[in-house]
Amino acid sequence: MNYNDILIIGGGIIGVSAAYALAREGVSVTLIEKGELCTGSSHGNAGMVCPCHSTPIPGPGVLWQGIKWMTNPESPFYIRPRYDPEFFAWLLKFRQYCNETAYHRAIPPLREMQRASLPLYQEWIARENLACDFEKVGGLELFLTHEKHEAGRHHVDEMRAFGLDMEWLDRDATHALEPAARPEVIGGIHYKEDAHVNPAKFVHGLAEVAQRLGAQIVTKAQVLGFTREGTQIKTVRTSKGTFQPQQVVLAAGAWTPLLAQGLGIELPLQAAKGYSVTMNRPPISPRIPLHLAEARMAVTPMGALLRYAGTLELSGISTTINERRVDAIRRGAARYLVDSTPREEIEVWSGMRPVAPDGLPYIGRSRKVSNLIVATGHAMLGVSMGPVTGKVVSELVRDVAPSVELGAFGVERFQ
Ligand SMILES: Cc1cc2nc3c(=O)[nH]c(=O)nc-3n(C[C@H](O)[C@H](O)[C@H](O)COP(=O)(O)OP(=O)(O)OC[C@H]3O[C@@H](n4cnc5c(N)ncnc54)[C@H](O)[C@@H]3O)c2cc1C
């Protein structure tokens, strides 16, 4: 039996940020990961730290679009039809948030979290000297069609009303900002607040520092179950022994509902698979992270690397790589970038974003299990919100008032 104060389950950006924040406060903490560190969604994502994208996945017309694309094997958004009552219940809830009111309601809490996270990136990277290709050069959305570009103008006005710093650009301004864009690109949106990072380098670097500060990290240790005494978790059983922590932090990404179920907590959450292709940076490479509007994908320069990322596939717990969708990502990038010659790929990857029906994370202490804190459901914004989530978890553990308002992120808000 291992006795320790805080046990974190999950070695992605959320769990590792929490381990670091706690270790820095001198708290005795152990992180348990079923595989190797940072091999879930936190590994090969687009690495954007993006306050300007403080929007949830559910929005007006989103579900309908997914249904229309169900028969398209190359679509960027796909719902795999399957018999699964939990998925069906999640979809019904998700539908309730696919409207303008819910969409607008979600923006301020996401914006606050991201705005609190970005300075933490700067602070932690500088303090710990982390080599993770972090840059704050903004982001740029590229448009090929007038229809989308005009809709983008409306989006900019809408987001500016929420205080976000972005600008709608004509063709010349877009090409001046990003010379690697093809002549067919007719305009853009400049997301001035955004930054980017190599997410895996950041997580591994932070984990190393956390260990130096005293955190224990146990990999290849799968959490198998819990025992409870009243409203408290008493023990956590893993494939590498049993732990008896004072408090447990559940940060297991898309797998979290399986573990929460074992504690009698219903956590509506679905895995939304995405893909990325990483290559050496070509001679004519984008200098700024790009969002490709019509292709619905991202292109991020990360030091010596360039990464294409995209697709949102509601297909359950699975990291199987669908080559047709990956190929659609490669072809999507070629429509926007000057240098689109096929190049040697270093990695083709898939990962699962953890998504709640309202598109907001679950962050907070459980009402049902008093020594449990949940931190998951960050959907498309887990990298962006990783450090602030770690900081807030450390505050909750230590019974300090959270530095960010958590009202929208209640763990049992659907019960
Ligand atoms: C294609 C793509 C692009 C993306 N781009 C961006 C982006 O640009 N910006 C952004 O902010 N976000 C982005 N995201 C989202 C981001 O990757 C996720 O929100 C984030 O990585 C979630 O982190 P996590 O720590 O919650 O989950 P994960 O990284 O998945 O970590 C969870 C960990 O828990 C472990 N675990 C699970 N069950 C157990 C168990 N029983 N016992 C022990 N360990 C367990 C898993 O092995 C895993 O390592 C993207 C995602 C994808 C797929």
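**Helix 7**

I began with helix 7 (residues 199-212): its end C-alpha atoms are 20 Å apart, which agrees with the 20 Å that its 14 residues should span at 1.5 Å a residue. The expected span is 1.5 Å times one less than the number of residues, and helices are DSSP runs of H or I with at least four residues, strands runs of E with at least two, numbered from the N terminus.

A word on the source: this is a predicted model, where local features need pLDDT of at least 70 and side-chain atom pairs count only at pLDDT 80 or more, while totals for chains, interfaces and linings use all residues. Residues are numbered from 1 along each chain as its sequence is written, and side-chain values use heavy atoms, without hydrogens and water.

Next I looked up buried residues (under 20% relative accessible area, 1.4 Å probe, protein chains only). Helix 7 has Pro-199, Phe-202 and Leu-206 among them. I found that their cover includes helix 1 (13-24), helix 4 (100-128) and helix 10 (386-397).

Just after the helix, I noted Gly-214 with a positive phi of about 115°.

**Two domains**

I then turned to the domains, whose bounds come from an automatic or database domain assignment. The chain is divided into domain 1 (2-42 + 201-269 + 359-409) and domain 2 (52-100 + 133-195 + 270-355). Their centres, taken over C-alpha atoms, are 28 Å apart.

Which salt bridge does Lys-201 form? I found Asp-133 as its partner, with the closest N and O atoms 3.0 Å apart; the rule asks for a side-chain nitrogen of Lys or Arg within 4 Å of a carboxyl oxygen of Asp or Glu. Across the interface of domain 1 and domain 2, I noted two salt bridges.

Key:
Buried < 20%, exposed > 50% of the residue type's maximum accessible area, 1.4 Å probe, protein only. Contact = heavy atoms within 4.5 Å.
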